[in-house]
Amino acid sequence: MLIFRFEWKRTRNYILIWAAALAVCIFSMTPVYYDMIETAGTLPSGFTQGGFWETLDVSLTLLMEPLGMYSFLTGFFMIAGGVFGMHLGLSLHTGECTENTAEYLYTKPCGRQMIFKGKMLCALVGVCVTGISYLLASFLTMMLFRPGFPVGEFLLVVGSFVLLTLFFALLGLMVGIFHPNNRSPLLTAGLVVFVEYCITSFSRTVSIRAIGFLSPFSFFSPSEIHDAGAYSWDYMLWYLLLLFAFIILAYKKILKRDIALAV
Amino acid sequence: MNEPVIVLNELTKSYGRHRGVEGISFSVCQGEIFGFIGPNGAGKSTTIRALMGLLKPTSGSASIFGLDCSQEPARIAKDVGYLPSENCYYNNMKVREMLLYTAELYGVDGHRRMEELAGRFNLDLSRRIGDLSLGNKKKVGIVSALLPSPKLLIMDEPTSGLDPLIQQTFYDLLKEENEHGTTIFLSSHVLSEVQRLCDRVAILREGKLVGVQSMKTLRENGYKKISLTAKSAIPEDFFSIPGTANFEQDKAGTSVSFMFNGSSMTIMEKLHQLELEDILIEEPSLEEIFLHYYE
């Protein structure tokens, strides 16, 4: 817990700022987009019939519903959540190397195992804090502007945001352990998340579901949540396997590798 | 003989094409102050980082208190205070916070010791580490290493950046710690520092161990430095006798200087044959002994 407490102290402001920013944005943007529901029927036919909505996995029918519009918005917030998660996970380890503090930390009696656990716990708490703040802000805005939505489905949509952020946080942790010398973790996080998002859009455009296994954005399809009231079991299984693999690979690597030093 | 605290057995660490260290073997006994000397890039820090478990050896082994350094670094670290050569502390923390965090990591209450050490080193505990000068950051490192009162102190270039007064405080403190039973392993390229403090010394050159000698042996059984001036030119091969090294002669050929560790009778006979104007036989400095190893 000592390492966790220290890491939390170091990253607390960063996490809280992200959590607050995402909460404020979803709270204020949701009612703005609700106005679009009324105008959705008047959109030009070329726009409504093109592949644009397919890439976002939101049909116009779904978009006309309050929760559909919220899912559509959350799709974009998931990109922000992914960047936050990956940057947090990455910088927890790369920071020790680039700020030249690894030689201090790794020569103390806590051991690599405790350091790994402490940092991972910090990433998990960061994801939870952001997730809870996103959930509360979303719930509040829905209750204020479009009450009477199906709560189960709403929780699944919010869960998509949290699970995707978690995915990128653990991916970031693993990448940070494998490449601790990374001096641009935010750029790396942004690029990885954007590429993953593009892969999902591509898989939806070409309608090849298998490609979706390469990107976590595909695992949380708004239309599948709406139709089935659940996430796809095959994607979820794959998601859990990937999370497990990230943790195991990162753990094994941190125990075996030479500690990278900035000098 | 005291029990060995540090044992290196054919320790090799290579970084692909870059040289690390090769086949290093020596041991450090309990209660010793052991010096580890060599120029920059000789492999001192690599060896120390392998001892601290930061680097995994390519082959061979390193152990401290009988525990393998690459397998059980955390258990070893409980009894080891470590001062790295570079400052590696969290710049956004205050000195007090940083030192108390160190104490917590060691599971000790460091308040009293921290105040005592900070007082001796004139270290301001309320300042942010990032705002400190190089010398003050070094002081933070020294206090951090001494804070848990470890059984073994490993210090990599401990006095770089310290002013002479603080260096003296540091030497006094090390001697006190040693008197209380702490084993000290310190690397340096400041030979006078090693000369002043250490019982034994290991010399490292280009990643290989040149030798391990006690300071006493190094001085007593080592070379004498002979400088002399004769009235007439001395033949160039006049001192070509076993035990002569670093022979230098001036242009006129009347003044020579060399290091000698051969038979006293032989050199006396040789000197007797010369008509001497001046002669000086002295203990070479550690620098001269050290440089001799490098030739």
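Predicted model: local features only at pLDDT ≥ 70, side-chain atom pairs only at ≥ 80, totals over all residues.
**View 1. The six-stranded open sheet of chain B.** The strands of this mixed sheet follow the order 6-7-8-3-9-10 in chain B.

**View 2. Pairing of strand 7 with strand 8 in chain B.** Strand 7 (residues 152-156) and strand 8 (residues 183-188) of chain B run parallel and are joined by five bridges. Opposite Asp156(B) stands Ser187(B), which belongs to strand 8 of chain B.

**View 3. Helices lying across the sheet of chain B.** Helix 5 (residues 134-146) of chain B lies across strand 6 and strand 7 of chain B. With strand 6 of chain B, helix 5 of chain B makes an angle of about 170 degrees.

**View 4. Packing of helix 4 against helix 5 in chain B.** The axes of helix 4 (residues 111-121) and helix 5 of chain B come within 10 Å, crossing at roughly 145 degrees. The crossing of these two helices of chain B is right-handed. From helix 4 of chain B, Met114(B), Leu117(B), Ala118(B) and Phe121(B) take part in the contact. They meet Lys139(B), Ile142(B), Val143(B) and Leu146(B) of helix 5 of chain B. Sorted by class, the contact between helix 4 and helix 5 of chain B holds seven nonpolar, no polar and one charged residues.

View 5. Strand 1 (residues 4-15) and strand 2 (residues 18-29) of chain B run antiparallel, with seven bridges between them. Leu8(B) has Phe26(B) in strand 2 of chain B as its bridge partner. Two residues separate the strands of this hairpin of chain B, and Gly16(B) there has a positive phi near 65 degrees. Strand 1 of chain B also pairs with strand 4 (residues 59-64) of chain B, in the antiparallel sense and over five bridges. Here Asn9(B) has Ser61(B) of strand 4 of chain B as its bridge partner.

**View 6. The contact between chains A and B.** Chain B contributes 17 residues to the contact and chain A contributes 15 residues. On the side of chain B, helix 2 (73-77) and helix 3 (95-106) are the elements that give two or more residues. Helix 3 of chain B gives the most, with four residues. The side of chain B that touches chain A is made up of 13 nonpolar, no polar and four charged residues.

**View 7. Two annotated spans of chain A.** An unreviewed UniProt entry places the feature "transmembrane region" at several spans of chain A, including residues 154-178 and 190-215. Residues 154-178 of chain A are 100% helix and 0% strand, with the end C-alpha atoms 37 Å apart. Residues 190-215 of chain A are 62% helix and 0% strand, and there the end C-alpha atoms lie 14 Å apart.

**View 8. The two assigned domains of chain B.** The domain assignment divides chain B into domain 1 (4-219) and domain 2 (222-293). Between the C-alpha centres of domain 1 and domain 2 of chain B, the distance is 39 Å.

Conventions
Residues numbered from 1 in each chain as written. Chains lettered and ligands numbered in written order. Pairing = 2+ DSSP bridges. Contact = placed C-beta atoms within 7 Å. Axes fitted to C-alpha atoms, helices over the stretch in contact; angles between N-to-C directions. Left-handed = near helix turned anticlockwise from the far one by under 90°. Nonpolar A, V, L, I, M, F, W, Y, C, P; charged D, E, K, R; others polar. UniProt positions renumbered as here; feature names shortened; annotations may be inferred. Domains from an automatic or database assignment.
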